[in-house]
Amino acid sequence: MSFIRKPFKYAYYNVTLWLICINVSVYGLMFVCKKISGIDLTNILGLSLYCTVGQHFWWQPISYMFVHSGFLHLLLNMLALFFFGFPTEKVIGSKEFILLYALCGVLVGFGSLGVVYLSLRLTGNILYYLVPLVGASGAIYSILLTYAVCYPKSKIFIWGIIPVPAPLLILIYFVVEFVAQIWGSSNVAHYAHLLGFLFAWLYLVIRMRINPIKVWKDAYRRH
């Protein structure tokens with residue numbers, strides 16, 4: 001356990017900017033490849049039970065984080081990474097940040113495969129087996145939770161108007177994603193967002209020895 005909790009020496013390398021550049025570059029590469037050759041790399045780089053397990057594409061739990069379904073999908077994820085990634089990285093350091101981002105993203109990938117497998121067994125719907133999961137959302141939700149722990153008293157303006165404390169925003173997002181996963185009908189993988197929260201929470205508790213609830217209680221305790 002001491003090895004797991006051994007802290008990195010603080011360093012700042014602007015990893016957030018590199019992650020944004022990689023995501024944009026992969027999107028551009030896939031766009032050009034499809035336009036020129038007609039080849040869609042989504043099934044190769046996205047995450048699906050059929051390809052990852054059935055075809056042994058074991059790189060997919062990593063590569064899916066850099067694949068996006070469209071420009072808007074990419075834009076929203078990169079904006080979230082921009083606004084929450086930079087300040088979080090400055091607090092915990094680049095080494096801790098990239099470990100958190102990568103580990104939670106990969107765990108979300110494997111966790112998603114488990115969810116898809118259970119859904120396939122319960123419903124028999126073959127689409128669960130074939131349709132790929134794409135996007136950095138799971139890893140970014142992990143960063144969002146960590147941001148709320150690093151800056152518990154910060155306020156995030158919804159639609160640029162309504163100020164919401166970061167911990168409250170986490171709770172709102174959790175409830176929205178949970179309800180949308182159970183009763184929603186969109187093609188958004190809300191379970192991946194929930195897994196992002198879960199693995200970030202475990203990361204903070206196990207590796208960084210930080211209890212988010214305690215941090216938020218201390219931040220808003222009346223003196």
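Which residues does Ser-137 touch, not counting residues up to four places away in sequence? In this predicted model, the residues in contact with Ser-137 under that condition are His-73, Asn-77 and His-193. Ser-137 belongs to helix H8, which comprises residues 137-150, and with a relative accessible area of 11% Ser-137 is classed as buried, because the cut-off for that class is under 20%.

The packing of helix H6 (residues 94-123) against helix H10 (residues 190-206) was examined next; the axes of these two helices come within 9 Å and cross at roughly 135 degrees. H6 and H10 are therefore oblique to each other, since an angle counts as roughly antiparallel when over 145 degrees and as roughly perpendicular from 65 to 115 degrees. The crossing of H6 and H10 is right-handed. On the side of H6, the contact is formed by Glu-96, Leu-99, Leu-100, Leu-103, Cys-104, Leu-107, Val-108, Gly-111, Ser-112, Val-115 and Val-116, while H10 contributes Tyr-191, Ala-192, Leu-195, Gly-196, Phe-199, Ala-200 and Tyr-203. When these residues are sorted by class, the contact of H6 with H10 contains 14 nonpolar, 3 polar and 1 charged residues.

Arg-207 is placed in the loop that connects H10 with helix H11 (212-219). With a relative accessible area of 9%, Arg-207 is buried, as the class requires a value under 20%. Residues up to four places away in sequence being left out, Arg-207 touches Phe-3, Ile-4, Arg-5, Lys-6, Pro-7 and Phe-8, and also Glu-96, Leu-99 and Leu-202.

With regard to the cysteines, a search of the whole structure finds 0 disulfides. Cys-51 takes part in no disulfide, the nearest cysteine sulfur being that of Cys-33 at 16 Å, whereas a disulfide would need the two sulfur atoms to be within 2.5 Å. Cys-51 counts as buried, at 8% relative accessibility.

Technical notes
Residues numbered from 1 in each chain as written. Predicted model: local features only at pLDDT ≥ 70, side-chain atom pairs only at ≥ 80, totals over all residues. Heavy atoms only, no water. Buried < 20%, exposed > 50% of the residue type's maximum accessible area, 1.4 Å probe, protein only. Axes fitted to C-alpha atoms, helices over the stretch in contact; angles between N-to-C directions. Helix = DSSP H or I, 4+ residues; strand = E, 2+ residues; numbered from the N terminus. Parallel < 35°, antiparallel > 145°, perpendicular 65-115°, else oblique. Left-handed = near helix turned anticlockwise from the far one by under 90°. Contact = heavy atoms within 4.5 Å. Nonpolar A, V, L, I, M, F, W, Y, C, P; charged D, E, K, R; others polar.
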